[in-house]
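Please keep the sequence and the structure in view while reading.

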Amino acid sequence: MRPRTASPTHSISDWVSEFPNETEGWAGELADGRSASLRAVRVLFDGASFLVYDASDRSLITRWTLPDTTIDAIQERDVIHLKSVAEPEALITLYGSEAREGLSRISTKSDVLPRNKWHRLALTVICVAGIASMAMLIWNAVPIVSRAIAHRIPIEAERSLGVQLEAQLSDRYCESKAAGLVLANLTEKLAGVDHQIPSVNVLNMEIPNAFAFPGGYVVLTRGLIESANSPDEVAGVLAHEIAHVYERHIMTGIVRGALLSALWAASVGDFSGLMVIDPTTAFQISTLTFSRKDEAEADRGAIKMLDRAGIRRDGFAEFFERLSESEGALPEWLSTHPASEDRAKIAASAPEFNTDTRPAMTDEAWEALLAVCSTAPELENESREIIFD
Amino acid sequence: MVDSTGLPGGAATPAEAPTQKYTLQFHGSGTSFFLIFLKNVLFTLLTLGFYLAWAKTERRKYVWQNLEFHGQHFRYTGTGIELFKGYLVVAFAYLLFFGSSYLAGLASAQLKTAVEIGAAIAIFLVIPSIIYRAHGYLYSRTNWRGIRFGLEPQNGEYNRAFLLGYLFTILSFGLYLPIMTNRLYRTMTNNTRFGTLEFSYTGKDRDVWRMGVSAFFLSILTLGLYYPWYLAKITKYRGRHTRIGTGACLRYELTGGDFIRLFLLHVWGTTLTLGLAFPWIAMYSLRYMAQRVYVEGSIDFENIEQREEGAGAAADGFADALDIGLGV
């Protein structure tokens, strides 16, 4: 007989007399947690407690109330573990689909995952949709957050990242006094009043290149100046690099990388080592996307700067037009920079803020700038691709 | 209270039970494991990483409970909060490291370098005790028939075997490596307990050294093809010399071909599916291994008793942080 009510006034002998017959309750084993021996039991649920009877002598061994009891259904088997806070070391194992079904009616929390295949499918869909929307949210939020963080980090703190590179490069800087003055004037004109003026130097290198590095340093190569058709072109490239410095693109990139890799590590966790979706490659592609956005922003910043300084922006446009003619067929999404053709268009189509423009410098100044490295020793050619960072 | 009217304890027969095979079976399913993984990724993203400790605990629970030994399933009794506290300790240590390195950097570049080198050495020195304690945590949260596994505190033996082993291995151009790994395995095994049942290791340094050195030359001669067979050989040797109590040992029925098979499955299975097949491959590998390992001899389960609780979870977190995680 199955006891309908469990009253604490029952004595042990009452329970003994109510031992389930062969078809009642669930068969299992009890490990008391003191030794590894097992005892065959039958377990009955009376609506409030689990009654545990010895299978052979039919005596009541113990009684676990439902709130005290944890039901752990083993996912892939018809095996259930019962634990109770009343006897934390003891373990009851129940076997059979009847026990599993009976217990799943008592507690719905017993399974790690749903057993029904439609419920599982629903869970899969919810998880995939959830992960996709979280990924999109992160993709959009991370650049904004990293930008905000980067702008709060003083440029002096960033400098510690750039000093080593600066020390290495400074040996190769061209030190013509006249050219230095011309560059300083141009930089000051472009920088405007509300910003710190970055340190600009010319590197004695054949390959045309220009870049900004951590700490607000800007470097142009001799090759760039020599290959320019006019001082306006140099001014355009310089304005672009200064815009990178003012927009804190380098620090933003560092913060963004740190945030993304932390989020990746956190979500995939210790599976990361086993995943072949290589996080480095994924990051490189994502970084490229962000970097193209930064470049476009620097272009817009450069045009504003040129306009404000009253320098013709034609040079900027012409420079990228020439670059686009020599550009290879790398698709845009694999490139760090927007297609040069598009950049030339940006320059040509942006609204004019200042129509009263002059050349970036006088002919004498341009002569001086062209001769910037005349006194410095030639640097060995390094095979570097032409990148305008 | 549990009524203890079972067998009268003192009257247990001391007669040796006949030698038998105690087998393992693994029932985990790749589909379930994949679903657990998906759910965990979602929850971890939603909680900005805080769920990680619970995710790991859930995965372990699933793997443990689906492993059956001699008719009974294992249980993992660790909790997410334990592991989370471990991660907090690690986060604090990180903060301490970067904080002190930054502060030293303000004073001078040399001081910064000195602090960083000092910290690197300190981290290296604590690696063995972290590995050991992480195992201790895992063992103490592993339960079978209501009895806990455990790892005794080590008295610095494991640390010495690890640190000196590293030094000797470098000085001997790798010739010492088989001895080092043998000693690490020995210390760990000799301190392993299942309740009051003690494990021990009788494998000799001389034997493994011979196997290791000959494997080195045979691997060169066979362009590395011998290596999986060496792995099978050393695994079997270790199992045979791992005593469980007084009358049983571990047996592996593995060949080099099994290692090659699992290795190729991992490499190709994950590459071709961009890693997405991983849950299925992991479950398959566990099933595959469980079929090929068993305990042989006799174990008197009736006389195994419970022992006290074991180590905390901080070391587990550290092991993860240093990427010397236990792989589960």
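In this predicted model, A:Asn201 stands opposite A:Val219, a residue of strand E10 of chain A. The strand E10(A), residues 217–221, runs parallel to E8(A), and five bridges join the two.

These strands belong to an open sheet of three strands in chain A, with the order E8-E10-E9 and mixed pairing. Its edges are strand E8 (199–203) and strand E9 (210–213) of chain A, each of which pairs on one side only. From one strand to the next, the twist averages 20°. Helix H7 of chain A, residues 231–246, packs on this sheet and touches E8, E9 and E10 of chain A. The direction of H7(A) makes about 15° with that of E9(A).

In soluble globular proteins, nonpolar side chains tend to be buried together. The largest nonpolar core here has 63 residues, and A:Leu30, A:Val43, A:Val52, A:Ile80 and A:Ile92 have the most contacts inside it. Helix H4 of chain B, residues 109–140, gives the largest share of this core, seven residues. A second, separate core has 47 residues, among them A:Leu224, A:Ile225, A:Phe316 and A:Leu369.

Finally, the two chains touch each other, in a contact that takes 44 residues from chain A and 47 residues from chain B. On the side of chain B, two or more residues come from each of helix H1 (30–46), helix H2 (52–65), strand E3 (72–76) and helix H9 (256–272). The largest share of that side, 10 residues, belongs to H1(B). By type, the residues of this side of chain B comprise 18 nonpolar, 20 polar and nine charged.

Conventions:
Residues are numbered from 1 along each chain as its sequence is written. Chains are lettered from A and ligands numbered from 1 in the order in which they are written. This is a predicted model: local features need pLDDT of at least 70, side-chain atom pairs count only at pLDDT 80 or more; totals for chains, interfaces and linings use all residues. Two residues are in contact if their C-beta atoms, placed from the backbone, lie within 7 Å. Helices (H or I, at least four residues) and strands (E, at least two) are DSSP runs, numbered from the N terminus. Ala, Val, Leu, Ile, Met, Phe, Trp, Tyr, Cys and Pro count as nonpolar, Asp, Glu, Lys and Arg as charged, and the others, Gly among them, as polar. A nonpolar core is a set of buried Ala, Val, Leu, Ile, Met, Phe, Trp, Tyr and Cys residues joined through C-beta atoms within 7 Å. A residue is buried if 20 or more other C-beta atoms lie within 10 Å of its own, exposed if 12 or fewer, and partly exposed in between; C-beta atoms are placed from the backbone. Two strands pair if DSSP finds at least two bridges between them. Axes are lines fitted to C-alpha atoms, for helices over the stretch in contact, and angles run from 0 to 180 degrees between N-to-C directions.
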